[in-house]
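Welcome, and please take a moment to look over the model shown here.

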Amino acid sequence: MILTITLNPAIDVRYKIGNFDINGVFRGKPAKTAGGKGLNVSRVLRTLGEEVEASGFLGGNSGDWISDEIANIGIKDSFIKTDVETRSCIAILGNGTQTEILEMGEKISENFVEEFLEFFRNRFDRFETICISGSVPEGVQEDIYKVLCEIAGKKKVILDTSGRLLLKGIEGNPYLVKPNKEELEGLLERELITFREVIEGAKELKNKGCKNVLVSLGKDGAIFIDESEKVYKVSIPKIDVKNSVGSGDSTIAGFAYAINRNKTPEEALKLAMACGMSNAMIDETGKIDLNVVEEFLPKIEVEKL
Ligand code: ADP
């Protein structure tokens, strides 16, 4: 069983409006999913056949809706129930355009943050692998991920967030971080053009305190640096992309599933990529097709440099 943490979940509302433009009036049917990066990870883990317990903050009618959704797919709901409404995020898919409105999430009061930390302290030890993903709502301290990593100690904590939350989180020595290329560039405040530069950048991030670093590179696969600084280059076949939102989360789920079963880095990387690719071929966010994943596995190449 894997524990996932989503401190800032959302109902993801998606409208497909072919002729969307900013000044128009449109009618559309929303497709809703339980979102927030950690819940995307949770859903993909369930599709892979993993048992999942999920925690974070949920509140109001939206929180209840998400609770029902995750119960329906067999995720154990350990969310702290707060007194504020969980946010909604809206994506409008036009012809080749994607417009997103991301609510920030209402302020969480201190007593709920304390309740969550208490839950985590009491519960983390039952898991070998813990996935922590995404942003945090107002009211949650900036070093929360550092605190969680420190509590979890030797557990395999996969931390997927960005900016200051990631930089602070790394101080807690997570097992793995997975920035994409743009996120890594943002952290290091410079452009990374060649593979060599990405490798150097990933090593720099590793030296800040994370044990392993996976840099996902969209259609160009990934670069992985392991605990002993071995470098792996992962190459993937070309695919027809429908919607790559959630591919990073699916990548995390594939990697977490594999390492939780003590698979080799090569196996973990292949499953991670295959899940990311399968997600990119489906409209919905955080969804994979196991047949497609199986089909991709032998076509992914992992090269030790
Ligand atoms: P994020 O969603 O965090 O930005 P990426 O875009 O790097 O992460 O995607 C994660 C993984 O999903 C990639 O390493 C790759 O395996 C797969 N993927 C994403 N976009 C594409 C694409 N355009 N073509 C092929 N695979 C993709």
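## A partly exposed lysine and its partner

Lys-168 has a relative accessibility of 24%, so this residue counts as partly exposed. Please keep in mind that the model is predicted. Lys-168 forms a salt bridge with Glu-171, and their closest N and O atoms are 3.8 Å apart. Glu-171 also counts as partly exposed, because its relative accessibility is 40%.

Side chains of opposite charge can pair when their charged atoms come close.

## A pair within one helix

Now to helix α6, which covers residues 181-188. Here the side chains of Glu-185 and Lys-181 meet in a salt bridge, with an N to O distance of 3.3 Å. The two residues are four apart in this helix, so about one helical turn separates Glu-185 from Lys-181.

Lys-181, at 23% relative accessibility, counts as partly exposed.

What do the side chains of Lys-37 and Asp-249 form where they meet? They form a salt bridge, at 3.0 Å from N to O. Lys-37 lies in helix α1 (residues 37-48) and Asp-249 in helix α8 (residues 247-260), so this pair ties together parts that are 212 residues apart in sequence.

Asp-249 is buried, with a relative accessible area of 3%, whereas Lys-37 counts as partly exposed at 30% relative accessibility. Both residues also belong to a network of salt bridges that links Lys-37, Asp-160 and Asp-249.

## How α8 packs on α9

Let's stay with α8 and turn to its neighbour. The axes of α8 and helix α9 (residues 265-280) come within 7 Å and cross at roughly 150°. That angle is over 145 degrees, so α8 counts as roughly antiparallel to α9. The crossing of α8 and α9 is right-handed.

On the α8 side, the residues in contact include Ser-247, Gly-254, Phe-255, Tyr-257 and Ile-259. Among those contributed by α9 are Leu-269, Leu-271, Met-273, Cys-275 and Asn-279. Which classes of residue make up the contact of α8 with α9? By class, this contact has eleven nonpolar and six polar residues, and no charged ones.

Conventions: Residues numbered from 1 in each chain as written. Predicted model: local features only at pLDDT ≥ 70, side-chain atom pairs only at ≥ 80, totals over all residues. Heavy atoms only, no water. Salt bridge = Lys/Arg side-chain N within 4 Å of Asp/Glu carboxyl O. Buried < 20%, exposed > 50% of the residue type's maximum accessible area, 1.4 Å probe, protein only. Axes fitted to C-alpha atoms, helices over the stretch in contact; angles between N-to-C directions. Parallel < 35°, antiparallel > 145°, perpendicular 65-115°, else oblique. Left-handed = near helix turned anticlockwise from the far one by under 90°. Contact = heavy atoms within 4.5 Å. Nonpolar A, V, L, I, M, F, W, Y, C, P; charged D, E, K, R; others polar.
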